[in-house]
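The sequence and the model come first.

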Amino acid sequence: EGVPAGKYQVAPSAPALVSADTNKVITVSESTTVEDVDFALTLGGVVTGRVTESDGRPVIGERITLKSLDSPNLPSVSVPAIFGSRMYITDDRGIYRIFGLRPGRYIVSAGKESNPLSSFFSQRPSRVHTFYPGVTEEAKSKPVQIDAGTEASGIDIQFGDTEKSFVVSGRVLDSESRTPIANAMV
């Protein structure tokens, strides 16, 4: 009630449910009632698995990314705007469980930081972007079929050996006095 006249996009939002319709555009006119803006919701699919190091240890707090093969115009998803990011991150056992997915085929991956600034300040070692079932080339990945109301389990990703890395050390000095500059960012 009391919605101002205008054009609106309407979409349902329910944590574990999905709709075949992404949204509907309705027009509200002065002193009118718009009815029968209905959506059919069904139980979404689930994908779950475990992310481990090459030695089998769980990877804690690793971000999982899903890329839809059936809707290539949609961006890869790792943090849904509505439900927060917690289900797209592995737990203390290295396990993730992502629910409420539209039916279709998905590429599941881990190890790529979606925010370059976050990866810049990260203190943990960089991991190679790895796709299910543990390959580093997307072309060699195995798509995961997600069906309505079902769970695709065992979608595990194991990282290979950590990339070779190097250590750089030094000091930041004032060019005139040659004294160290505290808290300088390099």
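What share of the contacts in the protein with a separation of 6 or more comes from residues 24 or more positions apart? Such residues account for 64% of those contacts, where contact means heavy atoms within 4.5 Å. The model is predicted, with local features needing pLDDT of at least 70 and side-chain atom pairs pLDDT 80 or more, while totals for chains, interfaces and linings use all residues. Residues are numbered from 1 along each chain as its sequence is written, and side-chain values use heavy atoms, without hydrogens and water.

The protein has 1 helix and 12 strands, taken as DSSP runs (H or I, at least four residues; E, at least two). Of its 186 residues, 26% are buried, that is, under 20% relative accessible area with a 1.4 Å probe, protein chains only.

Gly94 lies in the loop between strands E6 and E7. Gly94 counts as buried because its relative accessibility is 0%. Its C-alpha atom is 9.8 Å from that of Ile157, 63 residues away along the chain.

| Residue | Contacts, including |
|---|---|
| Gly94 | Gly49, Arg50, Val51, Pro58 |
| Val108 | Val47, Ile64, Tyr96, Ile157 |

Methods
Buried < 20%, exposed > 50% of the residue type's maximum accessible area, 1.4 Å probe, protein only. Lists of a residue's contacts leave out its neighbours within four places in sequence.
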